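Reader: I am new to protein models, and I would like to learn how to read one. Could you take me through some features step by step?

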Amino acid sequence: MSSAFYIVLMALFILGCQGQYPTTPPPTPHHPPRPAFPALKGHLLPRRPPNNPGPLSNRNLVIFIAQELKRNITSDPKNYTGSWVGTNYCLYKGFYCDTVPDKNITGLAGIDFNGARFRGNLNFYRFVSFLPDIAIFHANSNNFSGLIRPNINKLRYFYEIDLSNNGFQGGFPVSIIGAIQLTFVDVRFNTYNGRVPPRVFDIQTDVLFINNNKFTQRIPSAFGNTTARYITLANNKFIGSIPQSIGQTWKTLTEVLFLNNRLTGCLPYEIGFLQRATVFDAGFNILTGPIPQSFACLKNLQLLSLAHNQFYGRIPDSLCRLPNAYNFTLSYNYFNSIGPYCRRLVRIRKLDVRRNCIPGFPGQRPASECTGFYSIRRSCPRAGSYNVITCPNPAATLSRSQVAALQDMAPAPAPVTYKALVEPPR
């Protein structure tokens with residue numbers, strides 16, 4: 001075969017791959033605009049002090065349900081309920097008031113029972129359904145339970161819900177999906193189980209924390225519909241692969257944690273479209289295959305963990321050229337080759353490659369273990385996608401000195417999602 005013919009053949013192959021695997025971000029799903037909050041026609045009165053709130057919205061309802069909850073609380077170690085006396089609920093501990101826009105009087109805007117450590121028969125839905133003006137309900141580390149019913153969508157200002165670390169059981173609380181104003185959804189550290197309904201990823205939220213439950217089955221392909229910036233799916237029992245639709249989240253997704261599930265298969269090259277991503281963690285699964293070359297386009301990536309999987313082949317040097325690389329963990333896999341840029345990151349302790357199969361590196365797997373792994377033929381679907389670069393100007397265009405200078409100046413990350421993995425005391 002002549003060299004000219006070979007060059008033409010390779011060029012046609014590359015062009016074919018580009019046609020088969022798009023290099024521009026996919027269109028993001030269309031979401032209808034969130035309904036506007038009910039608003040007052042005219043000037044909105046400023047917030048009044050709790051000890052002089054003026055007329056109170058739904059005074060009787062709020063006091064009634066507060067007293068019912070108080071009777072049902074059998075343990076109140078921080079004495080929240082000691083202040084739940086009198087007719088001014090703005091002075092109740094854990095109750096926060098503000099001006100209700102469509103009434104222009106003071107009402108109950110927020111509940112914050114985080115860390116109260118209540119015990120008793122605490123039905124969340126019954127309690128919150130008597131609070132028609134509420135916008136925020138935070139009650140992590142308590143003992144709330146019960147079903148969340150569809151009428152929750154009648155709470156017209158409701159936009160934040162934190163029910164983490166409580167006693168909720170059963171399937172995913174699908175009625176939350178009806179609360180279309182929600183921008184913060186946190187149901188971690190409960191015992192929810194079964195599948196996660198695809199419609200969960202249609203909630204136009206900024207935060208979706210569902211880690212540390214007992215969710216199973218596959219992550220729905222509707223994952224690509226999410227508008228969330230921060231997502232934690234960690235410490236569940238999800239199976240199957242990471243959906244290819246993840247590429248559709250490129251405009252918003254900033255941090256995502258898949259770690260400690262039972263995920264299998266190969267990484268989709270569409271991850272390379274996540275130009276805003278700073279944290280990507282898929283450690284402690286059963287994932288395999290090479291790292292896609294598209295990872296060279298994760299220009300904002302600071303923290304990467306693919307540790308404790310079955311990845312193999314060469315660690316792409318383009319990955320190690322990323323200017324914001326701060327801590328990349330690829331330990332406990334089967335990588336067998338590494339380039340100069342990655343060697344530098346190892347040397348400055350920003351890349352962990354322990355327990356792999358890289359010749360000449362300390363702390364690797366025994367040779368017999370590596371030989372046994374590579375004696376089995378392995379492949380991934382869409383093999384051509386692993387050489388696709390999904391950005392016009394990848395970090396690989398930078399010189400070695402430019403890369404080193406940028407990486408040396410890379411700021412220490414301050415991730416949001418890892419904090420969600422810490423279980424508060426209850």
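This is a predicted model: local features need pLDDT of at least 70, side-chain atom pairs count only at pLDDT 80 or more; totals for chains, interfaces and linings use all residues.

Reader: Which residues have the most contacts inside the largest nonpolar core?

Author: A nonpolar core is built from buried residues joined through side-chain atoms. Here the largest one has 95 residues, and those with the most contacts inside it are Phe95, Phe113, Phe124, Phe137, Phe223, Phe258 and Phe280. Among the elements that give two or more residues to this core are β2 (95-100) and β3 (105-112), while α2 gives the most, with five residues. Leaving aside residues up to four places away in sequence, Phe280 touches several others, including Ile242, Val256, Phe258 and Leu303. A second, separate core of eight residues includes Cys266, Cys357, Cys380 and Tyr386.

Reader: Is glutamate 270 buried or exposed?

Author: The cut-off for buried is under 20% relative accessible area. Glutamate 270 counts as buried because its relative accessibility is 9%. This residue is found in the loop between β17 (262-263) and β18 (279-281), and its side chain makes a polar contact of 2.9 Å with the side chain of arginine 382.

Reader: What lines the largest pocket, and which element gives the most to that lining?

Author: The pocket holds about 360 Å³ of space and is lined by 20 residues, with Asp98, Ala109, Ala135, Ile136 and Tyr159 lying nearest its centre. The lining divides into 12 nonpolar, four polar and four charged residues, and β3 gives the most to it, with six residues.

Technical notes: Residues are numbered from 1 along each chain as its sequence is written. Side-chain values use heavy atoms; hydrogens and water are left out. A nonpolar core is a set of buried Ala, Val, Leu, Ile, Met, Phe, Trp, Tyr and Cys residues joined through side-chain atoms within 4.5 Å. Buried means under 20% relative accessible area, exposed over 50%, partly exposed in between (1.4 Å probe, protein chains only). Helices (H or I, at least four residues) and strands (E, at least two) are DSSP runs, numbered from the N terminus. Contact means heavy atoms within 4.5 Å. A polar contact is a pair of N or O atoms within 3.5 Å; within protein, one must be able to donate a hydrogen and the other to accept it, and residues adjacent in sequence count only if both atoms are side-chain atoms. On a 1 Å grid over the protein atoms alone, a cavity is a set of points where a 1.4 Å probe fits but cannot get out, and a pocket is an open set with protein on both sides within 12 Å along at least five of seven lines; lining residues have an atom within 4 Å of a point. Grid points are joined across faces, edges and corners, and a volume is the space filled by probe spheres set on the points. Ala, Val, Leu, Ile, Met, Phe, Trp, Tyr, Cys and Pro count as nonpolar, Asp, Glu, Lys and Arg as charged, and the others, Gly among them, as polar.
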